[in-house]
Amino acid sequence: QVQLVESGGGLVQAGGSLRLSCVASGRTFSWYSVGWFRQAPGKEREFVAAASHYGSLTYYADSVKGRFTISRDNAKNTVYLQMNSLKPEDTALYYCATGSATSKVPRDYDYWGQGTQVTVSS
């Protein structure tokens with residue numbers, strides 16, 4: 001059984017920064033790609049960022065490119081999402097996920113965390 005636990009969310013003013021963390025257990029973390037997704041109230045879950053097994057390949061949603069950075073530390077079974085220049089529209093529940101492919105599509109991921117809330121005030 002795989003478990004993913006996110007942390008690092010919170011309330012921040014527009015222009016501020018947060019770093020999300022996701023710790024994985026139950027599988028060989030370095031074998032799998034990781035992704036971050038988010039879901040705002042009344043909206044569908046959307047892709048934010050993804051990284052390949054060793055982080056050499058990364059993808060970003062256009063809306064966060066240049067502001068967010070995904071990274072991973074396989075020795076710690078952890079993936080990070082550094083979020084800078086936050087905007088109110090970044091407010092959402094943020095999820096991490098693992099899967100076999102470095103994908104922007106939620107259905108390509110097998111395991112999901114419970115999410116961490118990010119709220120950006122204007």
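Asp-62 is exposed, at a relative accessible area of 66%. That value is over the 50% cut-off, so Asp-62 counts as exposed. The model is predicted. In this model the Asp-62 side chain meets that of Lys-65 in a salt bridge, 3.2 Å from N to O. A search of the whole structure finds 4 salt bridges.

## Asp-90 and Arg-67

Asp-90 and Arg-67 also pair through their side chains, with an N to O distance of 2.8 Å.

Asp-90 is buried, with a relative accessible area of 1%. Arg-67 is buried too, at 11%. Salt bridges with shared partners join Arg-38, Glu-46, Arg-67 and Asp-90 into one network.

## Arg-38 and Glu-46

Arg-38 is buried, at 5% relative accessibility. Glu-46 is partly exposed, at 35%.

## Ser-30

Ser-30 is found in the loop between strand E3 (18–25) and strand E4 (33–39). Its relative accessible area is 16%. This is under the 20% cut-off, so Ser-30 counts as buried.

Neighbours within four places in sequence are left aside here. Beyond them, Ser-30 is in contact with His-53, Tyr-54, Arg-72 and Asn-74.

Conventions. Residues are numbered from 1 along each chain as its sequence is written. This is a predicted model: local features need pLDDT of at least 70, side-chain atom pairs count only at pLDDT 80 or more; totals for chains, interfaces and linings use all residues. Side-chain values use heavy atoms; hydrogens and water are left out. Helices (H or I, at least four residues) and strands (E, at least two) are DSSP runs, numbered from the N terminus. Buried means under 20% relative accessible area, exposed over 50%, partly exposed in between (1.4 Å probe, protein chains only). Contact means heavy atoms within 4.5 Å.
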